[in-house]
Amino acid sequence: MAEMGSKGVTAGKIASNVQKKLTRAQEKVLQKLGKADETKDEQFEQCVQNFNKQLTEGTRLQKDLRTYLASVKAMHEASKKLNECLQEVYEPDWPGRDEASKIAENNDLLWMDYHQKLVDQALLTMDTYLGQFPDIKSRIAKRGRKLVDYDSARHHYESLQTAKKKDEAKIAKAEEELIKAQKVFEEMNVDLQEELPSLWNSRVGFYVNTFQSIAGLEENFHKEMSKLNQNLNDVLVSLERQHGSNTFTVKAQPSDSAPAKGNKSPSPPPDGSPAATPEIRVNHEPEPAGAATPGAALPKSPSQPAEASEAAGAQEPGETTASEAASSSLPAVVVETFSATVNGTVESGSGAGRLDLPPGFMFKVQAQHDYTATDTDELQLKAGDVVLVIPFQNPEEQDEGWLMGVKESDWNQHKELEKCRGVFPENFTERVQ
């Protein structure tokens with residue numbers, strides 16, 4: 001019997017809840033249609049808007065904090081792998097091996113400590129902060145339902161009072177239900193009216209504490225990590241000193257892609273041949289008797305203009321003495337070049353007066369490999385092309401390893417520098433004149 005009674009109570013409660021839901025639905029429809037007035041509380045609605053905004057911000061902060069912690073974890077793993085690699089390549093007989101190993105251990109411990117403190121002082125606090133929102137959100141929703149119940153009871157009571165035939169028993173019962181609904185609503189409403197503003201104001205202190213914790217932990221972490229990195233640097237400097245003669249120098253590697261404007265890097269020739277340099281001939285034949293006199297120290301090569309021999313005769317007294325001392329004990333060494341001096345002043349002068357060569361002509365080169373131009377200011381070269389080298393209009397624009405010139409075939413055809421000249425990598429060519 002007790003069991004049946006229990007089932008009966010349960011069934012009655014279910015029926016009561018269903019009836020409440022129907023009554024609320026009817027009340028909301030009437031309110032939306034304007035056939036029933038709705039109790040409004042603008043101050044409370046503003047508190048609810050603030051609550052929803054605070055919940056959204058807190059949820060985002062929690063998500064971003066978890067992402068940050070995941071990144072810290074990933075950095076820890078990457079740092080650990082890098083230190084393991086260093087320990088593997090660090091040979092046993094190298095100095096500082098034990099110190100490097102200890103630094104790696106401390107590095108690992110520092111990352112672990114940093115991650116754990118972030119969890120304890122930021123993430124757990126964040127979880128606790130957000131843990132209070134679900135209950136309050138549920139109570140806000142319940143208050144809304146109780147407000148609809150109150151409005152419904154109020155409208156029912158008012159309709160009975162204004163009816164033509166008044167039923168005092170029904171009116172009394174409706175009044176009793178109204179008082180009860182009002183009491184339940186007001187109790188919930190008062191509690192939320194106090195809690196929501198307090199919760200909204202607490203966000204400032206929470207954000208300050210959270211970000212202060214993160215900033216302080218990160219600051220200490222980087223300080224300690226900086227010390228470990230300095231110690232590791234000292235160990236590696238010590239290793240470098242012991243093996244200083246075998247130090248590896250990092251050299252810039254040419255890129256296959258097009259060089260940037262104003263900072264060109266010459267590409268290597270296809271067969272890896274070295275960059276072209278002026279040809280040097282050494283003559284071991286004995287000098288004539290009067291070769292030691294100033295102005296006749298070097299015989300003029302066929303391609304050397306008159307100015308070059310005059311420049312040779314105008315050398316400093318100290319240089320003449322050294323030349324004479326060398327000629328007394330060693331056979332004469334005659335150095336011939338196919339071009340002007342390094343800065344190109346000698347042949348530049350000779351080319352300037354020749355009508356069949358471009359103004360400022362310095363020397364000729366021949367392409368040893370094909371070169372595909374990668375920019376509008378570059379020359380397209382085929383192996384065998386002869387290029388007339390001329391100076392840059394602005395010497396500051398010249399990049400190392402690049403020359404300015406015009407292909408001989410283009411010059412003979414057009415005689416216009418503006419249309420034909422361009423830059424090209426020196427190491428794709430060889431000087432021929």
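Glu 187 is partly exposed, because its relative accessibility is 46% and the partly exposed class falls between buried (under 20% relative accessible area) and exposed (over 50%), with a 1.4 Å probe and protein chains only. The structure is a predicted model, in which local features need pLDDT of at least 70 and side-chain atom pairs count only at pLDDT 80 or more, while totals for chains, interfaces and linings use all residues. Residues are numbered from 1 along each chain as its sequence is written, and side-chain values use heavy atoms, with hydrogens and water left out.

Glu 187 is placed in helix α5, which covers residues 168-242. Helices (H or I, at least four residues) and strands (E, at least two) are DSSP runs numbered from the N terminus. Together with Glu 186, Asp 191 and Glu 194, Glu 187 forms a negative surface patch. Patches consist of residues with over 30% relative accessible area and no salt bridge, with like charges joined within 9 Å and nonpolar side chains (Val, Leu, Ile, Met, Phe, Trp, Tyr) within 5 Å. Asp and Glu count as negative and Lys and Arg as positive, whereas His and the chain ends are not counted. The place of a charge is taken as CD of Glu, CG of Asp, NZ of Lys or CZ of Arg.

Overall, the protein contains ten helices and seven strands. Of its 433 residues, 31% count as buried. The accessible surface comes to about 28,200 Å², and 54% of this belongs to carbon and sulfur atoms; accessible areas come from the Shrake-Rupley method with a 1.4 Å probe, and for residues only the protein chains shown count as cover. Contacts (heavy atoms within 4.5 Å) were also counted along the sequence. Among those between residues at least 6 apart, 72% join residues at least 24 apart.

Side chains of opposite charge can pair when their charged atoms come close. The structure holds 14 salt bridges, each defined as a side-chain nitrogen of Lys or Arg within 4 Å of a carboxyl oxygen of Asp or Glu. One of them joins Asp 64 to Arg 60, with an N to O distance of 3.5 Å. Both residues belong to helix α2 (residues 42-89) and are four residues apart, about one turn of the helix. Asp 64 is partly exposed at a relative accessible area of 37%, whereas Arg 60 is exposed at 59%.

Asp 135 is partly exposed, with a relative accessible area of 47%. Asp 135 and Arg 139 are also linked with Glu 195 in a network of salt bridges.

The side chains of Glu 408 and Lys 364 form a salt bridge at 2.9 Å, N to O. Glu 408 lies in helix α9 (residues 408-414) and Lys 364 in strand β3 (residues 363-367), so this pair ties together parts that are 44 residues apart in sequence. Glu 408 is partly exposed, with a relative accessible area of 22%, while Lys 364 is buried at 14%.

Buried residues were also examined for contacts beyond four places in sequence. His 115, in helix α3 (residues 97-131), is buried with a relative accessible area of 18%. On that basis His 115 is in contact with Leu 69, Val 72 and Lys 73. Gln 62 is located in helix α2 and is buried at 18% relative accessibility. The contacts of Gln 62, leaving out residues up to four places away in sequence, are Met 126, Asp 127 and Leu 130.

Ile 171 is found in helix α5 and is buried at 8% relative accessibility. With residues up to four places away in sequence left out, Ile 171 touches Tyr 157, Leu 160, Gln 161 and Lys 166. Ile 171 and Tyr 157 are 14 residues apart in sequence, and their C-alpha atoms are 6.4 Å apart in space.

Most residues other than glycine have a negative phi. Lys 415 has a positive phi, near 60 degrees. Lys 415 is in the loop between α9 and α10 (417-420) and is partly exposed at 41% relative accessibility.
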